[in-house]
Amino acid sequence: MTALLETPPAIADLPARKIKRQNRLAWIAKHSIAIVLVIMFLTPVIYLVLLSLMTSNQALTSDYWPNTWHPENYVKVFRSTPLPHYLLNTVIYAVSSTVLTLASSVPAAYALAKLKFRGRNALFLTIICVMMLPPQVVTVPLYLMWARYGLTGSLAPLIIPALFGDAFCIFLLRQFLLTIPSEYLDAARVDGCGEWRTLLRVVLPMARPGIAAAGLFQFFFCWNDYYGPLLYTSENESSWTLTLGLASFRTVHHVDWNLVTAATVLAMAPLIVIFFFAQRAFVQGITLTGFKG
Amino acid sequence: MSAIRLRRSLTTLSFLAPALIGIAVFFVYPLISAVYFSFTKFDLLSVPQWVGLDNYKRMADDPFLLQSVRNTLWMVVVFVPARIVGAIGLSMLLTQLRRGAGFFRTVFYLPALVPPVAATIAFVYLLKPGTGPVDHFLEKIGISGPLWFNSPTWAKPSLVLLGLWAIGDLMVIFLAAVLGVPESLYEAASLDGANAWHKFRSITLPSIQPVILFAAVTGVIYTLQYFDQAAVAGSIASGQATVGAGISQSFGYPEGSTFTYPLWLYTVGFRYNALGYANALAIALFVVALSVTVILMRRAKAFSGEES
């Protein structure tokens, strides 16, 4: 019996070794694919950075590598173009919109997640509809509304709506607040906290990661926004944001590709820096939007 | 008793007031006026004039509308599935990598952070016909590269490439879903002698199906409002003088191949000032977007309003 079960060592080893070799091949194949993909994903950004360090003449050629390095392009683009102005407008838009959106969205998200009231479901469904609505649907009436108050050509139509909550922000915060156990809130209520005190003292500190994620998304959205600034500020160049400036840059400074790319690098750099500091909040936020099965 | 209830309602209302005003002013009001305006004819100077269904009839024989609908449909059919397949592929690859998975994940995610306008400019340079680095590389290995953003056939595929490059956020969603599949299912399948492909087909795919639905619906919604990249690519690639709102002159370059539905809506409204017709186009867009959204709300738990 035992003799039957014992296979000769040479045969027993063969499949094991084969599997090991197959594993190693698979390992190499997978990592090679990953490395090729890394090159493909990084090339556009690296190319852009290299281009921004060339002379304006070399930037017109098909060279990859700068003959001489010109980091002063970054100074030049600040001095000789309206870039600082665009940057300032973008910062004003992104910062004020983020702060105001969070302040107006957190209470609504809290009510949707933790308070019981009639019409809660209907309100939540409405918010999903608003979130899914392509902005172009309401563009014309909204434009006319802002024009009536003489606010087109300024940043006001972009910032004022932040006072009244943002659908995506409310949705994201609600999803996060649902994960906070209601027992904590009940304990606060038993201690005599009103709903607002409960929100400010108990919920806010616990919801910090969710608020960070929502704030990051809003900030990034504003920083990248092109449609809004195009619609409301294009008639008045002093209100232009970075995105609008970048899209028009080439024609104003037509041959200076090196400066255009320097400005482009400057537009994306802050986001990448922020990402490295807040990677965790970010990834968690995206996962929340995708929901679990 | 009712005093307490009243107080409680007022508290709830105080939480919701900003959002309720926001929904009324920036959603309900403009939606209703868009419906009303869609039955009128007016521009920025004249008063709306009732024309009944004229604007909707006009949609039936508008060659530009037809072109923009075709382009947007093309994007829905190619762009959305390409991004979903790409994101699933990347997240599967990431789960297979033992070493450096964190590094690879960060690199694959990074392009999603690049502002779409900046990314589009980068891609137009990268894909510059003839002298761009991609065509340069292709030439070295004996392929004569296409004209990319300057070719009516290749402009949309170039936009798809751009969208695949910035696939990071979708990848993170799928990665979370793939990692959420219970390990025990795979172990059971291994005992039954299933290979990697079988496991993917019969375990991973069914498990992440709700996320695929989510990605498909949000992808379609995203494609319906696809504007920035198409507008900027047309402007930069055409090399025309397009400053600020003047960008609408180069919309669709080359030969209308990147002319999407939102670009046509913008052109009608803000270049031709045909505001009544623009609102009719907006309402048509709303109906399509709403029906797609309803599919998601019917199927997905997180969007149904019930506590998960």
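Is helix H8(B) mostly covered or mostly open, and how many of its 12 residues are buried? H8(B) is mostly covered, with 9 of the 12 buried. Here a residue is buried if 20 or more other C-beta atoms lie within 10 Å of its own, exposed if 12 or fewer, and partly exposed in between, with C-beta atoms placed from the backbone.

Before we go on, a word on the model: it is predicted, so local features need pLDDT of at least 70 and side-chain atom pairs count only at pLDDT 80 or more, while totals for chains, interfaces and linings use all residues. Residues are numbered from 1 along each chain as its sequence is written, and chains are lettered from A and ligands numbered from 1 in the order in which they are written.

Helix H8 of chain B covers residues 168-179 and reaches 16 Å from its first C-alpha to its last, close to the 16 Å expected at 1.5 Å a residue. That expected span is 1.5 Å times one less than the number of residues. Helices (H or I, at least four residues) and strands (E, at least two) are DSSP runs, numbered from the N terminus. Among the buried residues of H8(B) are Met171(B) and Phe174(B). Those two, together with Ile170(A) and Leu173(A), touch the most other members of the largest nonpolar core, which has 162 residues. Such a core is a set of buried Ala, Val, Leu, Ile, Met, Phe, Trp, Tyr and Cys residues joined through C-beta atoms within 7 Å. Helix H4 (residues 83-114) of chain A gives the most to this core, 12 residues.

**Contacts around two residues**

Two residues are in contact if their C-beta atoms, placed from the backbone, lie within 7 Å. The table leaves aside neighbours within four places in sequence.

| Residue | In contact with |
|---|---|
| Phe174(B) | Ala87(B), Ile88(B), Ser91(B), Ile208(B), Val211(B) |
| Ala280(B) | Ser38(B), Asn55(B), Tyr56(B), Met59(B) |

Ala280(B) sits in helix H14 (residues 275-299) of chain B. Ala280(B) counts as buried because it has 26 C-beta neighbours inside 10 Å. Thr40(B) is 240 residues from Ala280(B) in sequence, yet their C-alpha atoms are 9.2 Å apart.

**Where the chains meet**

In all, 76 residues of chain A are in contact with 83 residues of chain B. Helix H2 (residues 9-52) of chain A supplies the largest share of chain A's side, 12 residues. By class, that side has 52 nonpolar, 18 polar and 6 charged residues. Ala, Val, Leu, Ile, Met, Phe, Trp, Tyr, Cys and Pro count as nonpolar, Asp, Glu, Lys and Arg as charged, and the others, Gly among them, as polar.
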